[in-house]
Structure formats: C-alpha cells, structure tokens
Amino acid sequence: MVEFLQFTLSGLSFGMIYAAIALSLVLIWRGTRLLNFAQGGMAMFTTYIAIEVIHGTGSYWAGFVVALAAGAVLGAVAELAVVRPALGKPELNAVIITIGLLILIEGLAGIFYGGQYRSFPAAFSVIGLRAGSTPLGVSRFDLFVAAAVLATTLLLAVGFRYTSAGLRMRAAAFNATVARLSGIRVARVITLGWALAGLLGALAGVLVSPSTFLFPNSMDSIFVLGFTAAVIGGLDSPLGAVVGGLLLGLVLSYAGGYLGSQGSNLTPLVALGILVVVLMLRPDGIFSGTRVRRV
Amino acid sequence: MSSETPSLVVEDLVAGYGEVIALDKVTITAGAASITAVLGANGAGKTTLLRAISGIVRPRAGRILLDGAERTGRGPEAMARAGIAHVPEGQGVIAELTVEENLRIGMMSWPGIGWRRTERAAALAEAYDRFGPLADRRRKLAATLSGGERQMLVIARALVARPRVLLLDEPSLGLAPRIMTQVMDMVVRLSRENGITIVLVEQNARGALAIADRGVVLNLGRVVASADAATLAADVALRHHYLGF
Amino acid sequence: MTALSTPRVLGAALVTAVVVVILSIQLNTFRDYQIAEIAIEVTAVAGLTVLTGLSGQISLGNGAFMAIGAYATALLTLHLNWPFYVVLVVSALVTAAAGGVVGVAAARLRGPYLAGATLLLGVALPSLAEAYPGVFGGDQGLDVNFTTPGFLGVNFPLTRWQAWVCSAVALVTLVLLANLGRSRVGRNWRAVRDDEVAAALAGVNVARARILAFVVSATCAGMAGALLAIVTGLVAPGAFTITLSIALLTAAVIGGLGTLPGAVWGSLVIVLVPTYATDVATSHGLSSSVASNIPVAAYGAVLIAVMLVFPQGIQGAVRWIAGLLGITSARSGRLVSAPEGDELPPSRHQALLTPGGDPPDPHEKEDTQ
C-alpha cells in the first residue's frame with residue numbers, strides 16, 4: 001500500500017507537468033485552431049534563459065520569474081512573426097511552421113548553450129518527505145510543482161471567467177466573427193493567448209528540468225506526453241487538459257512502478273494504450289461533450 | 001426625408017470573392033433613425049452588402065460614409081467601434097456564453113476607454129428592464145434560449161452596444177410567425193425610441209416593407225429599385241418579379 | 001490527354017530511371033548513397049502525401065510503419081535468408097496489415113486527435129524493440145546482410161546497386177500511386193476528404209476508404225523501411241524516432257501536399273538541405289557544438305521560409321512558374337483537384353486539422369484586412 005501511495009503521489013506530480021503543457025496547447029488550440037509543436041522547445045529555451053539568470057544573479061526566483069516572462073514574450077513573438085502570416089493558408093502549413101520553429105529553437109539552443117546536459121536547480125528540497133518513518137514518495141519540491149501548476153491554472157480560470165480580457169478571449173475562441181463585429185480586437189486576443197501559453201510552457205519547463213536535466217531535446221518527450229494528455233482530455237477543454245495530464249501521470253507512474261525495469265521501456269506503449277482506449281470511446285477526448293452547438 | 005446628414009451612405013460599392021463580383025456599384029442612403037429594407041432573391045448580394053459595410057469583406061471600390069465621415073476599408077473591429085453593428089445571419093449570439101456575457105460583449109464596441117462600472121451596470125439594467133425574459137435567464141447559457149429569445153438577446157445586445165447603424169441579416173429566419181412579428185416590433189422600437197438607423201436584409205419582404213421607411217431591391221449585385229417602402233409595396237410587378245409576393 | 005495519363009507517367013518514370021542510372025555511374029559512392037536515401041524518402045513520403053493530402057488523414061507516425069518494414073526485413077533476412085525481392089514483398093504485406101489495424105483504430109478519429117494518436121504510435125512502436133531485445137536486438141539493433149547479385153560481376157559497387165534498387169521501387173510506387181489517384185479509389189478519397197457527409201450520401205463507404213488509405217500509406221512506408229534496412233545494413237530503434245515521422249510529414253507539405261512530384265521535391269529538401277548546411281558549417285571551421293547545430297537551425301528556418309513564401313509547397317511554385325511561362329495546363333502532376341478543375345480554395349482543407357464542428361476563423365481571408 002505504501003508503494004501505491006508513492007506511485008500515486010509521484011504520478012500526480014508528473015501529471016501536473018503534463019497538465020501544464022496540455023493546458024498551453026489547449027489555449028492555443030482554442031484561440032488559433034492550431035497545434036503548436038514548438039511549445040516544448042520554447043519551454044526548453046526559456047529554461048536555458050532561467051539558468052543563465054540564476055547563475056548570473058545567484059537567485060533561483062529571479063530565474064523563475066524571468067523564465068515565465070520570457071515564455072510570455074516568446075509566445076507572443078512566435079505568434080506575431082511566424083504564425084500570423086500563415087493563417088488563412090492551407091492549414092497544415094501552420095503546423096509545419098511550428099515544427100520548423102521547434103527545430104530552429106533547438107538548433108539555436110545548441111548554438112548558444114551547447115548540447116551537453118545541464119542540471120537545473122529545484123526550488124525546494126528534493127529529498128523525499130516522510131510521514132513518521134514511511135517514505136511518501138514525494139518531496140517538498142514535488143508539492144511545489146503541484147501547487148504552482150494548480151495556482152496558475154486557477155488564476156487562469158478565474159481570469160477567463162471574471163475579467164473583461166477573459167471574456168474577450170472566450171468570445172474570440174467561440175465565434176471569432178461575432179467577436180470582431182462586436183469590436184473585439186481578435187488579433188490582439190490571439191497574441192495574448194499565445195503569450196499565456198508560452199508562460200505555461202515556461203512554467204512546465206522550470207518545474208520538470210530538475211528531473212530530466214536540461215539539453216536541447218529535453219522537452220521533446222514531455223511535449224509528446226502533454227500533447228497526449230490534451231488529446232485525452234479533449235482539445236477544447238482546459239479542464240480536460242488538467243484531468244488528462246493527471247490521469248496520464250498516474251497511469252504511467254503505476255506502469256513504471258509495477259512493471260519494473262520493463263516499465264520504463266514500455267511507457268510510451270502504455271500511454272498509447274490509454275490514448276487508444278479513451279479515443280475508442282470518445283473520439284474527441286473525454287470532455288468533448290461540453291462543446292455547445294452554436295446558434 | 002430630413003435635410004440632416006444621412007446616417008449611412010454607401011456609394012458605388014463594389015465587392016466580391018475571388019473572381020466573383022457580388023456587388024456591382026451599389027448605392028444606398030439611409031437617413032438617421034430610419035429603417036431601410038434590403039430585398040431580393042438568394043444570391044442577389046444582400047448578405048455581401050452587409051458584410052462589406054461592416055468590414056468583414058473589403059470593398060474593391062466605392063465609399064462608405066457614417067454620419068458624413070469616410071469609413072471605407074476599415075476592418076470589422078474598427079467599424080464596430082465607429083458605430084456600425086452587424087448581426088450576421090444565424091449568428092447573433094455566442095451560444096457558449098451566458099446571456100449576461102453576451103450583453104457585456106455588446107459593450108465592447110463603446111468608443112474610448114474608462115467606462116465606469118456604474119455606466120455598464122446601467123446599460124445592462126436598461127436591457128433587462130426592456131426584455132424581461134432575459135433578466136430571468138441572465139446566468140444561463142445562450143444555447144438554452146429558444147429561437148425567439150435568442151433574437152431578443154440579439155436585439156438587446158444591439159441596444160447595449162448603442163450603435164449608430166445596425167445591420168440585421170435575416171433576423172426572422174427560422175422563427176414562428178408570431179415570434180417574427182415580435183422581433184419586427186422590437187426592431188421598430190430600436191429605431192423609433194433609440195434613434196438607431198437600421199438596415200434590414202429579409203427574405204420575408206412583405207414583413208420587412210411593412211416596418212421599413214425605405215426599400216432597396218438588389219438583383220445579381222445591382223440595385224434595381226430604390227424607393228420608399230410604400231411605393232415598393234404597391235408596385236405589384238416589381239414584387240412579383242423580384243420579391244416573390 | 002490529361003497531364004497524368006498512364007503513357008505520360010510511364011514515360012516520365014522511364015526518363016527518370018535513365019537519369020538515375022547515368023548519375024549513379026557518374027557520381028561517387030556518397031552521392032549514390034544519397035540517391036538511395038532520396039529514393040527511400042520518396043517512397044515513404046509519396047504514401048504519406050496520399051494519406052494526408054488525398055484522403056485527408058494526418059499521420060505523424062508513418063515512421064512506425066517504416067520501422068515495421070525494416071524490422072521485418074531484418075528478421076526475415078536473418079532467420080530465413082530469403083532473397084531480397086521476396087523479403088520486400090513480405091515486409092510490405094506485413095506493414096500493410098499493420099496499416100489496416102491502425103486504420104481501423106483510427107477510423108473515427110479526426111484532425112488533431114488523429115494527429116495525437118499517430119504521434120504516439122510513432123513514439124511508442126520503436127520502443128518495442130528496446131523492450132524485447134531478445135527478438136529485436138535492443139538498442140544495438142539487427143544487422144542486415146545485402147550484397148550485389150552475382151550477374152553484375154564482382155566489381156559492381158554495392159552503393160550503386162542499392163541506388164538502383166531503391167530508385168526502382170520508388171518509381172514503381174510513384175507510377176502505381178498515380179494510377180490509384182486517378183482511379184475511383186482516388187476520387188473516393190478526395191470526396192471523403194472534402195466532405196464526409198456528402199460522400200457518404202453519395203454512396204462512398206467512408207470507413208473503408210479511410211482504412212484503405214492507411215493500408216496504402218503503410219505499405220509505401222513499409223517498403224521504404226525495407227530499403228532503409230538494406231542500405232544502412234542495420235536496423236535499430238534510433239533510426240525510427242519521432243523525428244523521422246515528422247520529417248516525412250514535413251517533406252510532404254513542403255513539396256506540395258497531395259502531389260506526387262511534391263513527394264520528390266520534399267524528399268530532396270529533407271535529404272539535401274541538412275547535408276549542405278553541415279558542409280557549409282564544417283567548411284568554416286566552427287566549433288563542433290556550434291557547427292553541428294547550425295544546420296539544425298538553418299533547416300528550421302528553411303521550413304518556415306518555404307511555408308511562408310510558397311504556401312502550396314514547391315510543386316505549387318513549380319506550377320505557378322509553369323503557368324507564367326505558359327507551359328502546361330495548371331494541373332500538371334496535381335492529384336488534389338478533380339478532373340473538372342473544381343479546386344477547393346486552400347484554406348478550406350479543414351479535414352486536416354479541425355475535427356468536425358465550426359472552427360473560429362480569426363482571420364477570414366476573402367478580401368478582408
């Protein structure tokens with residue numbers, strides 16, 4: 001039973017990371033109807049920026065904040081410079097462009113920062129916590145990961161629901177024509193969406209890099225799992241992104257834990273299995289039913 | 001009608017999609033607080049006309065003047081902020097948002113910034129006052145409204161937006177006759193009581209001419225008749241040929 | 001006689017074959033290897049461009065099908081020692097079957113959901129090799145033995161023979177796909193891509209058409225994998241990462257989605273550009289980490305630039321130039337439009353990324369700003 005608890009908590013912790021990436025993909029999908037393949041790469045790049053800041057200033061939190069800000073800026077710049085010109089053209093073009101952006105960013109990271117693995121500090125202790133003498137399988141840092149992602153998600157949810165900017169974003173996502181005709185500058189809203197997505201990705205990057213080390217391709221597999229989580233949850237549903245992420249984290253943790261060494265090799269297959277099962281039952285993701293028919 | 005500057009002037013407007021010319025030198029003049037009915041068969045260009053005025057489609061030639069000021073070639077956001085509200089056919093409300101949120105969207109075209117909360121609240125209160133059923137449902141999703149209630153929401157949002165000109169594309173489409181009449185009454189009130197200039201595209205030509213001041217008949221992108229509503233309604237040959245009644 | 005009629009296609013294939021033979025004799029070993037590489041990519045990309053461009057099903061996992069074909073080839077050669085042409089056919093069949101399974105599983109998936117599922121397939125399948133190293137050779141992989149046939153003599157270079165074999169397979173694939181595209185099967189695919197409901201109402205068995213497209217695409221990828229096995233002599237999971245699947249899709253789109261000449265252009269790009277960029281970088285004597293990453297960054301930039309400048313891909317640009325020069329009808333090589341030329345405006349290829357219901361169009365682009 002102790003094992004189960006450990007796997008559960010560890011799975012939830014990683015699940016939060018997948019949820020963050022999934023959420024960023026959902027944000028962009030709702031705003032632009034586009035899959036941003038560069039999301040992981042952008043997160044990797046902002047994490048490199050963070051580490052430079054941390055080494056330069058000696059402060060983890062300075063790096064943390066700069067990473068988030070850089071993520072927002074990078075997201076906005078990517079949308080304005082590279083994605084905006086591609087809209088209105090064949091749809092796969094924009095996807096290829098984000099793939100090109102991913103490759104470009106990974107190449108630039110290699111040029112500027114070199115290809116070797118770098119370690120990234122964790123905000124808090126990574127020593128496993130204990131309840132009495134029982135190891136819990138999570139550390140203070142894991143708790144911080146969960147708290148950070150949850151807090152950001154809640155902030156976003158509240159922002160969407162209760163602010164004017166949030167209303168504009170939702171209106172633009174649901175019906176861009178009516179939104180534009182109501183005076184909403186949909187183009188700006190979309191840029192804002194990409195900025196928020198970039199921020200979320202940057203958050204995921206700094207939270208996961210202590211575990212994975214940092215190198216130009218370090219976020220690739222996280223991206224794939226985040227994408228899987230978003231698909232499982234339903235690409236139109238932010239709630240689905242979080243649920244999908246947690247679900248995926250949990251199942252992968254159990255698989256890795258109970259299947260031993262074979263488990264880590266089979267992780268992608270297990271993920272594929274979950275995906276297939278979910279999509280067989282709900283081809284548009286778990287929360288797809290909440291899409292409302294327009295007037 | 002009056003000698004003051006007409007609210008909306010569309011002059012020799014040309015617009016189209018790719019190689020297809022949908023509007024060929026269309027000219028329309030709408031006086032302040034008047035109702036102008038735009039009529040004609042399917043494909044005559046009525047919807048394109050509204051889209052060209054509101055900026056969804058960029059005109060290739062011609063001018064659009066709002067209260068005498070040139071507004072040609074602006075995008076929809078700018079046109080909305082300049083005071084032109086357009087309700088496209090079948091897309092009046094955003095179904096995934098609540099009634100109140102839909103009304104709040106109406107306020108996003110108010111010119112300038114810094115509108116105080118009290119002004120916004122007052123605008124909402126006025127809309128709820130006039131449209132009781134909406135007040136009851138303010139937190140419900142617009143998708144849960146019936147057809148007539150949705151059109152009510154559309155009109156209410158138009159009221160909140162306080163536009164100079166309101167372009168309505170087939171507001172009575174798909175509605176039962178009784179509801180249709182109610183919607184038309186609401187449209188009339190918008191113009192008479194709130195001074196909004198209305199341009200109304202309608203398949204239901206008889207109903208539209210009954211409430212309109214002027215009528216314009218389009219055929220294949222051109223204006224084939226432009227006169228006051230009573231004259232058009234009395235022109236039996238015209239009605240048979242272009243309007244179906 | 002339309003541009004894609006059989007005599008013309010066969011003629012083009014023959015001419016290409018002759019050109020390849022001449023080039024393979026004139027150029028050095030490395031170039032022969034590149035010809036083989038390009039031919040392999042063409043085979044795989046052609047299948048993918050048919051799947052995604054004609055039947056509207058995006059696949060980010062065709063690398064997995066290549067892996068299946070490659071491992072089948074390796075295992076058959078290792079354990080049964082059959083001649084290559086038999087191995088090729090069997091590998092193709094095995095992969096076709098796999099394509100059928102995937103097609104059935106994916107039949108209800110659309111747009112990004114299909115993309116996600118195939119992406120994960122592309123990632124997951126190669127990991128099987130590491131999970132069962134006893135059978136699949138694990139990380140080290142399996143060696144593949146391939147030699148020139150006796151009748152060519154002892155001095156015939158292996159790389160040249162490989163180039164010939166790969167090119168032959170590629171050309172045959174292109175010819176067959178061209179025919180398929182023009183047949184009723186191809187028309188059904190396009191109908192399903194453009195409007196599923198209308199196609200179903202017109203009597204097309206939508207599910208069967210979609211599954212068939214997957215089978216065809218997988219078969220092409222499987223053959224490409226088999227060729228890859230004999231050219232590199234080694235089949236290991238590291239050759240079939242998700243990068244490969246993405247490269248295939250990139251090639252298909254850059255070349256011109258849905259067009260067979262596009263498969264050729266795209267393959268040329270993904271094989272030659274990185275190599276060229278690497279050459280340039282190393283010739284300038286840059287430090288190794290910078291030098292090895294400049295081609296990467298350059299490749300990414302090229303992808304972005306080509307997509308922005310040539311939205312219809314390279315084949316679109318070629319057609320445009322041909323049109324300017326008044327050379328041919330605007331449809332040369334284009335499998336996408338129906339014979340009468342009722343071409344869809346490009347921005348309506350919604351089947352590819354938008355699953356069903358109304359996507360918001362933030363930037364409606366008909367005479368708008």
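**Notebook: chains A, B and C**

I opened with the contact between chains A and C: 56 residues of chain A touch 53 residues of chain C. A reminder to myself before going on: this is a predicted model.

Which helices of chain A supply at least two residues each to the side that touches chain C? I found helix 1 (2–32), helix 4 (91–113), helix 6 (164–174), helix 8 (186–212), helix 9 (220–233) and helix 11 (260–281). Helix 4 of chain A gives the most, with 16 residues. I then sorted this side of chain A by class and got 36 nonpolar, 13 polar and seven charged residues.

**Chain C, in brief**

I looked up the secondary structure of chain C and noted 14 helices and two strands. Chain C has 369 residues, and 53% of them count as buried. I also checked how far its contacts reach along the sequence: of those between residues at least 6 apart, 77% join residues at least 24 apart.

**Chain B, overall**

Chain B holds ten helices and ten strands. Its radius of gyration is 17 Å, close to the 18 Å that the globule rule gives for 245 residues, so I wrote chain B down as being as compact as a globular protein of that length. The C-alpha trace of chain B spans about 50 × 40 × 40 Å along its principal axes.

I ran the burial and contact checks here too. In chain B, 46% of the 245 residues count as buried. Among its contacts between residues at least 6 apart in sequence, 68% join residues at least 24 apart.

**Chain B, the sheet of six strands**

I traced an open sheet of six strands in chain B, with the order 6-7-8-3-9-10 and mixed pairing. Which strands stand at its edges? They are strand 6 (84–87) and strand 10 (222–228) of chain B; each has a single partner strand, so one side of each is left without a neighbour in the sheet. The twist averages 15 degrees from one strand to the next.

Strand 9 (residues 214–219) and strand 10 of chain B run antiparallel and are joined by six bridges. As a landmark in this pairing I marked Val216(B), which stands opposite Ser226(B) in strand 10 of chain B.

Next I asked which helices pack on this sheet, and noted two. Helix 1 (residues 46–54) of chain B touches strand 3, strand 6, strand 7 (165–169), strand 8 (197–201) and strand 9 of chain B. The direction of helix 1 of chain B makes about 150 degrees with that of strand 7 of chain B. Helix 10 (residues 236–243) of chain B packs on the sheet as well, touching strand 3, strand 9 and strand 10 of chain B, and its direction makes about 45 degrees with that of strand 9 of chain B.

**Chain B, the sheet of four strands**

I then followed an open sheet of four strands in chain B, ordered 2-1-4-5 with antiparallel pairing. Strand 2 and strand 5 (69–70) of chain B are the edge strands, each pairing on one side only. How many bridges link strand 1 and strand 2 of chain B? I recorded eight, in the antiparallel sense. Here Val14(B) stands opposite Asp24(B) in strand 2 of chain B.

Helix 1 of chain B turned up again at this sheet. It lies across strand 1, strand 2 and strand 4 (61–66) of chain B, running at about 70 degrees to strand 2 of chain B.

I picked out Asp12(B), which has a positive phi of about 50 degrees although it is not a glycine. Asp12(B) sits in strand 1 (residues 8–17) of chain B. Is Asp12(B) buried or partly exposed? I counted 13 other C-beta atoms within 10 Å, so Asp12(B) is partly exposed.

Ala33(B) is not a glycine either, and has a positive phi of about 60 degrees. Its place is in the loop between strand 2 (20–30) and strand 3 (35–39) of chain B.

**The nonpolar core**

Last, I looked up the largest nonpolar core, which has 310 residues. The residues with the most contacts inside this core are Ile17(A), Ala19(A) and Leu200(B). Helix 10 (residues 206–232) of chain C gives the most to this core, with 17 residues.

I listed the neighbours of Ala19(A), leaving out residues up to four places away in sequence: Val149(A), Ala229(A), Ala241(A), Val242(A), Gly245(A) and Leu246(A).

Key. Residues numbered from 1 in each chain as written. Chains lettered and ligands numbered in written order. Predicted model: local features only at pLDDT ≥ 70, side-chain atom pairs only at ≥ 80, totals over all residues. Buried ≥ 20, exposed ≤ 12 C-beta atoms within 10 Å, placed from the backbone. Contact = placed C-beta atoms within 7 Å. Nonpolar A, V, L, I, M, F, W, Y, C, P; charged D, E, K, R; others polar. Rg over C-alpha atoms; globule rule 2.2 N^0.38 Å. Pairing = 2+ DSSP bridges. Axes fitted to C-alpha atoms, helices over the stretch in contact; angles between N-to-C directions. Core = buried A, V, L, I, M, F, W, Y, C linked by C-beta atoms within 7 Å.
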